[in-house]
Amino acid sequence: MNRRDSLKLAAISVFGAGLPYSGVRAQNRYAKYAGQTVVFSIPAHPQYDAMMKILPTFTRETGIKVEVDKLAMGRMKEKQLLEMAKPSGDFDLGCYVVMWKGEYVAKNLIHPLEPFFANPALADPAYDMKDIVPIYLENLGLVGGPKGYLAGPGAKLYGIPYGAETSVLAYRRDIFAKHNLKPPENYEDFGKLLHVIKEKEGIGALASRGQAGHQVVHAWLLHLNPLGGSVFDDKWQPRFNDKIGLAALKFLQDVVATGPAGIPGYGQGESNTAFLQGQAAMYLDSTLIAGLVNDPSKSKIVGNVSWALHPKGVRRASQSGGLGLAIPKNAKHADAGFLLMQWLTSKVQDKAVTMAGGAPMRNSTLRDADAVRKYPEFITFVEALKYSNPDWRPIIPVWDKINVQALGVGLSEALTGKKSAQQALDDMVPQVMAIMREGGYKI
Amino acid sequence: MSVRTPAWVPALYLGPAVLVMAAACLYPVLSAFQLAGFDWNMGTQWGSARWVGWGNFVTAFSNPRVWSSLWTTLLFAAVCVGAEMVLGIALALALERPVRGMSVFRTLFILPMMIAPIAVGLGWRYLFDAQFGLINAVLQFLGLSAKTWLADPTLAFVAIVVADIWQWTPFVFIMMIAALASVDGSILEAARIDGARWWQQTFLVKLPMVMNVIAITLMMRLIDAFRVLEVIYVLTFGGPGDSTEILSLHIYKTAFVGQELGVAAAISVLLLVVVAALSWGALRLSNPMKGETR
């Protein structure tokens with residue numbers, strides 16, 4: 001062996017030993033927890049259906065077992081609250097809806113995540129937090145900042161987005177081409193188009209949610225924000241009954257009048273089905289529909305859908321919301337729960353769940369060549385995310401009550417004609433103010 | 001020769017049953033009364049609950065939605081239980097005599113009440129779907145216009161009533177068929193010999209003889225109609241507006257959405273009072289325990 005060969009051998013030995021170093025570190029990260037079982041509270045939801053396909057890989061790679069507790073979204077919160085209030089809970093990791101984050105933190109039920117990410121024994125150095133879509137991270141993860149839920153001074157990270165969404169317009173390009181229509185750029189065009197489609201094609205113009213409770217509020221907020229409105233002003237005084245709130249509600253009434261029959265009884269599932277089964281020409285809601293439109297087992301409109309930005313009102317705005325992951329304070333296996341959360345939201349697994357039909361939460365996935373080839377609509381989604389509004393709804397601890405018990409009833413009454421739009425909005429103001437006062441707001 | 005039973009023997013025999021009943025029935029009721037006096041949020045420790053006395057009752061009873069829910073519940077119970085009693089008794093009368101394939105009929109009739117309420121709600125939600133539902137398909141096949149069943153306040157109420165009648169008429173049917181089977185055949189024979197017609201035998205002989213069972217069945221159905229939750233939760237979630245928000249759903253929303261467990265307990269006490277009053281009324285109709293007080 002000459003000197004050159006000796007140097008080569010030495011170099012290979014050094015770098016060869018170094019290359020699997022990160023792998024060894026990763027293995028060490030998990031070794032301590034191998035054999036533990038993480039109990040994971042999840043909803044029945046397309047994102048988590050996709051997640052189930054990649055979950056066995058986690059156990060194979062880490063030795064950590066996962067037990068899934070799957071519930072309907074509406075029932076998940078009550079079970080989580082009951083579990084998390086116990087001295088020692090059954091959940092090690094939980095999925096939550098964006099509206100619940102403030103309440104969970106206010107009740108001291110979930111861990112801040114900074115100590116986990118600061119722990120070198122747990123944190124993955126390749127995790128790359130900055131790659132997570134910033135609006136998703138702010139909207140789903142941060143609590144304690146301005147208004148209690150926005151990024152800024154005082155904000156702490158309590159959750160990681162997983163099933164996050166924004167709003168885009170999906171439309172039937174075959175129908176639009178047949179009648180020489182263009183996707184609406186603004187709300188004026190959008191309003192006219194509803195009637196044109198109904199008259200020319202004879203099917204519903206826009207699929208929408210409308211069921212009493214959260215569903216109808218979600219539908220109304222989709223129009224309130226772009227039109228320039230909000231639920232409260234900067235001093236927490238209700239302003240949803242102003243002329244913008246009224247315009248948004250009248251627009252929603254128009255959507256009901258020109259949409260598929262039965263919108264006031266539609267939850268998200270019925271709204272999705274109406275579009276996927278060809279009963280509506282447009283769909284303005286969550287980006288999660290992307291995983292369904294080209295699935296022939298669920299959709300009759302495969303290959304006929306194009307995508308556009310949420311139409312512009314006085315401003316360009318798209319929704320921010322969806323689901324996130326958090327670790328309960330009373331988790332028995334909090335560290336293992338964190339490892340699962342970190343693994344699921346890593347770059348590799350975000351792409352994997354996306355390819356399995358889930359929704360990406362990382363910029364790298366949204367721009368990944370394979371992912372874009374499979375879901376060309378990601379190009380529109382990236383554009384929509386530029387306009388995603390983190391203040392879409394006031395995610396304060398009492399929002400869920402305002403959402404379901406006050407606004408969710410009044411808006412529904414306006415859609416069924418029990419009350420006029422203005423009367424429905426005005427009648428809700430005292431109820432909302434009472435709930436705010438109960439919640440400690442001095443208004 | 002008669003043996004005198006010591007006074008403590010009945011107490012010994014009844015004691016365990018009374019204790020079990022007290023634990024199973026009385027404890028939750030007393031807990032509800034206790035909870036109604038506290039302001040307690042879900043997800044917080046009981047130690048953080050604040051005593052508010054009658055405050056929760058004042059909050060609950062000054063809320064117009066509680067009274068509109070109570071009215072919806074009374075209407076729902078009256079329509080459903082009335083229809084179920086009539087249909088259940090009619091079916092039992094029709095099938096009490098040996099008919100070919102009787103066992104198949106009976107099995108088919110009792111199937112609905114064996115199905116989990118959530119599945120019943122989902123099933124009817126699809127049946128009533130305005131776009132894809134079987135009911136609208138049948139209406140259109142018959143040349144009638146499709147209806148937006150779950151999007152119209154009146155039709156949504158009809159929908160929850162239909163679902164409840166479908167599920168619980170079999171219960172009345174079973175109770176009645178068992179009761180009718182126990183009617184003494186010689187009395188009916190005597191009525192026939194005396195020239196009683198079918199309707200006279202039915203309304204003046206058979207049904208009065210099973211009036212105790214009718215009263216108990218009525219009471220059980222009334223109690224159940226006031227407690228029904230899952231089917232309506234899935235079918236309409238109380239909407240559109242609050243047109244199908246019965247009291248138990250309002251209690252559920254107050255407890256698990258509004259997280260006012262104390263206020264929810266206070267409304268539960270109201271529900272308890274209403275159900276107790278109606279049960280008392282049903283027992284006044286015909287009390288099977290009357291005359292057995294020796």
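Helices (H or I, at least four residues) and strands (E, at least two) are taken as DSSP runs, numbered from the N terminus. On this basis chain B has 13 helices and 2 strands. The structure is a predicted model, in which local features need pLDDT of at least 70, side-chain atom pairs count only at pLDDT 80 or more, and totals for chains, interfaces and linings use all residues. Residues are numbered from 1 along each chain as its sequence is written.

The model scores ipTM 0.74 and pTM 0.83. The C-alpha trace of chain B spans about 75 × 70 × 30 Å along its principal axes. Of its 294 residues, 44% count as buried, that is, under 20% relative accessible area (1.4 Å probe, protein chains only).

In chain A, helix α9 comprises 15 residues (187-201). At the N-terminal end, A:Asn186 caps α9(A), with a side-chain oxygen 3.1 Å from the backbone nitrogen of A:Glu188. After the helix comes A:Gly202, which has a positive phi, near 80 degrees.

The buried residues of α9(A) are A:Tyr187, A:Phe190, A:Gly191, A:Leu193, A:Leu194 and A:Ile197. An α-helix has 3.6 residues a turn, so residues three or four places apart point the same way. The cover over the buried residues of α9(A) includes β7 (167-172), α8 (173-178), β8 (204-207), α10 (214-224), α11 (243-258) and β9 (280-286) of chain A.

Note on methods
Chains lettered and ligands numbered in written order. Heavy atoms only, no water. Expected span 1.5 Å × (residues − 1). Buried < 20%, exposed > 50% of the residue type's maximum accessible area, 1.4 Å probe, protein only. Contact = heavy atoms within 4.5 Å. Polar contact = N/O pair within 3.5 Å; in protein donor to acceptor, adjacent residues only side chain to side chain.
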